[in-house]
Amino acid sequence: MKKRLAYIVLISSLWLSTGHADESPPQFALSPLPYEKNALEPYISETTLSFHYGKHHQGYVDTLNKLIDEKGLKGSLEEIIMKSSRNPELKTVFNNAAQDWNHTFYWSSMKPGGGGNPTGPLLDLITKTFGSYDDFKKEFIETGTKLFGSGWVWLVKDKDNSLKIIGTNNADLPLIHGQKPLLVCDIWEHAYYLDYQNRRKDYVEVFLDHLVNWDFASQNL
Ligand code: MN
């Protein structure tokens with residue numbers, strides 16, 4: 001009997017020492033990258049993507065899990081974003097939840113061999129809204145270049161169903177403004193600095209010419 005008790009104590013202490021003490025699994029997992037880390041070369045290097053996905057995005061997910069665990073928050077990522085966006089005391093929760101959402105959306109906004117003109121109904125809408133694809137491109141690049149500080153450039157469908165290009169600061173996202181995002185470009189420096197340094201304009205241009213995933217944007221329409 002004593003032997004058996006000692007065995008149970010040993011097994012439980014091993015279990016605790018491997019970090020299983022009172023821990024439920026994290027609520028959110030890092031979403032898989034839809035391509036290999038070198039798949040966007042030469043436009044975005046494997047080094048940039050390794051840091052951006054493996055360190056920055058992973059970091060937002062880890063911090064989010066820690067914060068919602070501490071605060072006892074539950075719900076889908078979208079629910080947590082909406083809830084925390086209206087509560088200044090949950091600002092750090094909002095920042096990390098929104099950054100998780102934004103990055104997952106950004107990875108899907110690009111694909112190897114992407115870029116160029118959209119087709120079908122999306123091209124029709126872009127032409128109707130901006131005059132031509134080139135006019136759209138000009139405004140998108142200008143919004144990305146002029147946005148002060150860190151943020152995101154989005155193509156969104158607004159409440160009245162019109163298309164708009166908007167720049168958001170930090171973790172801000174269309175979801176909380178009642179707009180439907182179609183695609184996004186990350187213009188935080190960590191997204192491009194290793195490859196383009198201060199040439200943000202070149203990076204946004206390359207995003208449209210060689211990376212943007214119009215199939216994804218069309219599906220979101
Ligand atoms: Mn980023």
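The model is predicted: local features require pLDDT of at least 70 and side-chain atom pairs count only at pLDDT 80 or more, whereas totals for chains, interfaces and linings use all residues. Residues are numbered from 1 along each chain as its sequence is written. The chain contains 9 helices and 3 strands, where helices (H or I, at least four residues) and strands (E, at least two) are DSSP runs numbered from the N terminus.

**Confidence**

- The mean pLDDT of the chain is 92, and 90% of its residues reach 70 or more; pLDDT is the predictor's confidence in each residue, from 0 to 100.
- Over residues 8-21 the pLDDT is below 50, and beyond near neighbours in sequence this stretch has 2 contacts in the model. Two residues are in contact if their C-beta atoms, placed from the backbone, lie within 7 Å.

**Overall architecture**

- Along the sequence, the elements follow the pattern α-α-α-α-α-α-β-β-β-α-α-α.
- Of the 221 residues of the chain, 30% count as buried. A residue is buried if 20 or more other C-beta atoms lie within 10 Å of its own, exposed if 12 or fewer, and partly exposed in between, with C-beta atoms placed from the backbone.
- Among contacts in the chain with a separation of 6 or more, 66% come from residues 24 or more positions apart.

**Helix H2**

- Helix H2 (residues 46-71) has 26 residues and reaches 36 Å from its first C-alpha to its last, close to the 38 Å expected at 1.5 Å a residue. The expected span is 1.5 Å times one less than the number of residues.
- A bend of about 30° occurs in H2 at glutamine 58; the bend at a residue is the angle between axes fitted to the seven residues ending there and the seven starting there.
- The buried residues in H2 are Thr48, Leu49, His52, His57, Tyr60, Val61, Leu64 and Ile68. Their cover includes helix H3 (77-85), helix H4 (91-108) and helix H7 (193-196).
- An α-helix has 3.6 residues a turn, so residues three or four places apart point the same way.
- Glycine 72, with a positive phi near 65°, follows H2.

**The largest nonpolar core**

- The largest nonpolar core has 46 residues, of which Ala97, Val153, Val184 and Val204 touch the most other members. Such a core is a set of buried Ala, Val, Leu, Ile, Met, Phe, Trp, Tyr and Cys residues joined through C-beta atoms within 7 Å.
- The elements giving two or more residues to this core are H2, H3, H4, helix H5 (120-130), helix H6 (133-146), strand S1 (151-157), strand S3 (180-186) and helix H8 (200-211). H4 gives the most, with 8 residues.
- Leaving aside its neighbours within four places in sequence, alanine 97 is in contact with Leu64, Leu77, Ile80, Ile81 and Ser84.

**Strands S1 and S3**

- S1 and S3 run antiparallel and are joined by 6 bridges; two strands pair if DSSP finds at least two bridges between them.
- Valine 156 stands opposite proline 181 in S3.
- S3 is largely enclosed by the rest of the structure, because 6 of its 7 residues are buried.
- Lysine 180 lies in S3 and is partly exposed, with 14 other C-beta atoms within 10 Å.
- Apart from neighbours within four places in sequence, lysine 180 is in contact with Val156, Lys157, Pro174 and Asn220. The C-alpha atoms of lysine 180 and leucine 155, 25 residues apart along the chain, are separated by 8.7 Å.

**Backbone features in loops**

- Most residues other than glycine have a negative phi, and most peptide bonds are trans.
- The peptide bond from glutamate 41 to proline 42 is cis, with omega near 5°. Proline 42 is placed in the loop between helix H1 (2-20) and H2.
- Asparagine 170, although not a glycine, has a positive phi of about 55°. Asparagine 170 is in the loop between strand S2 (163-169) and S3, and is partly exposed, with 15 other C-beta atoms within 10 Å.
- Glutamine 197 also has a positive phi, near 50°. Its place is in the loop between H7 and H8, and glutamine 197 is exposed, with 11 other C-beta atoms within 10 Å.
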